[in-house]
Amino acid sequence: MRYAEFKCLETERLILRKFREEDFEDYCGFSLGDPERDRMMGRSPLNTVEDVRMNFDWLKNKEERAYVLVLKENGRVIGNLTVYNRGYDAEEHPEIAHLKGFGLSFGISNQYKRQGLIYEAVSAVIDHLFEEENADYIAAGHFTYNIPSRELQKKLGFQPYFREHFDLFGEVVESMENILLKEDWETSRT
C-alpha cells in the first residue's frame with residue numbers, strides 16, 4: 001500500500017531526493033576507499049571505482065526509497081539515506097508485530113560529520129514518516145562499535161529494542177536494533 005511517499009524533502013540546509021546518475025562522482029568521492037565507513041555500514045569494502053559503481057547502481061536502481069543528501073550551499077551530494085518497510089515476527093516480537101513500521105539506514109561524508117546535518121536529515125524523514133505515512137514506529141540499527149550512530153539515534157529518541165550477534169566477513173559482531181515509537185517522538189516535540 002502506498003502512502004505519501006516523498007520524492008524530495010527539503011530541510012534548512014539539505015535537499016533529500018532520489019539518486020541520479022550525475023550523483024556518482026560525489027558519491028564515489030566520499031565512498032571510495034573508506035574502510036571505516038564500510039565497517040560502520042557493515043558492507044563489503046568499496047576499494048575500487050567498480051565497487052562503488054555496483055553499490056551506487058544498487059541504491060539508484062534497486063532500492064525503491066534510497067535518497068541522496070544534497071547540501072544546498074554547494075549542490076554537492078554529501079550522504080545518503082534509505083527508507084525501507086520494517087516488520088517483525090509475531091512470535092518473537094508480539095508487542096510490535098501488528099504495528100506499521102519503517103526502517104532507516106543512513107550515512108554522511110566524513111567531511112560533513114559533526115555539523116548536525118545527518119540529524120537534520122533524519123529528523124525530517126522521521127517527521128514525514130510519522131505525519132504523512134502514518135508510521136507507528138521507526139527502526140534503526142547500528143553495530144555496537146558505531147558510537148556516532150548510537151549517539152545520533154539516542155539523541156533522536158530511539159530506544160534499545162534487541163541485540164543480535166552474527167558473522168560479518170569472518171568477524172562476529174554485535175548489532176543493536178533501536179525503535180522510535182510515534183507517541184515518544186510526539187512527546188519529545190512538545
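**Close-up views of a predicted model**

**View 1. Helix α4 lies across strands of the sheet.** Helix α4 covers residues 117–131. In this predicted model, α4 lies across β1, β2 (14–18), β3 (66–71), β4, β5 (101–108), β6 (137–143) and β8. It runs at about 165 degrees to β5.

**View 2. Eight strands form an open sheet.** Follow the strands in this order: β1-β2-β3-β4-β5-β6-β8-β7. The pairing is mixed. Which strands are the edge strands? They are β1 (8–10) and β7 (159–168), and each pairs on one side only. From one strand to the next, the twist averages 25 degrees.

**View 3. Strand β7 pairs with β8.** Strand β8 spans residues 171–181. The two strands pair in the antiparallel sense, over nine bridges. Look for E164: its bridge partner in β8 is S175.

**View 4. Helix α5 also lies across strands.** Helix α5 is made of residues 147–156. The strands it lies across are β5, β6 and β8. Its direction is at about 155 degrees to β6.

**View 5. Strand β3 is largely enclosed by the rest of the structure.** Why is β3 described this way? Six of its six residues are buried, so the rest of the structure largely encloses the strand. Buried here means under 20% relative accessible area. A66, V68 and V70 point one way from β3. Y67, L69 and L71 point the other way. Both sets are buried.

**View 6. Strand β3 pairs with β2 and with β4.** β2 and β3 pair in the antiparallel sense, over five bridges. There, I15 stands opposite V70 in β3. β3 and β4 also pair in the antiparallel sense, again over five bridges. Here Y67 stands opposite L81 in β4. The hairpin of β3 and β4 has five residues between the strands.

**View 7. Helix α1 is largely enclosed.** This helix covers residues 24–31. Six of its eight residues are buried, so α1 is largely enclosed by the rest of the structure. Which residues of α1 are buried? They are F24, D26, Y27, C28, F30 and S31. What covers them includes α2 (35–41), α3 (49–61) and β4 (77–86). G33 follows α1, with a positive phi near 65 degrees.

Note on methods
Residues are numbered from 1 along each chain as its sequence is written. This is a predicted model: local features need pLDDT of at least 70, side-chain atom pairs count only at pLDDT 80 or more; totals for chains, interfaces and linings use all residues. Side-chain values use heavy atoms; hydrogens and water are left out. Buried means under 20% relative accessible area, exposed over 50%, partly exposed in between (1.4 Å probe, protein chains only). Helices (H or I, at least four residues) and strands (E, at least two) are DSSP runs, numbered from the N terminus. Contact means heavy atoms within 4.5 Å. Two strands pair if DSSP finds at least two bridges between them. Axes are lines fitted to C-alpha atoms, for helices over the stretch in contact, and angles run from 0 to 180 degrees between N-to-C directions.
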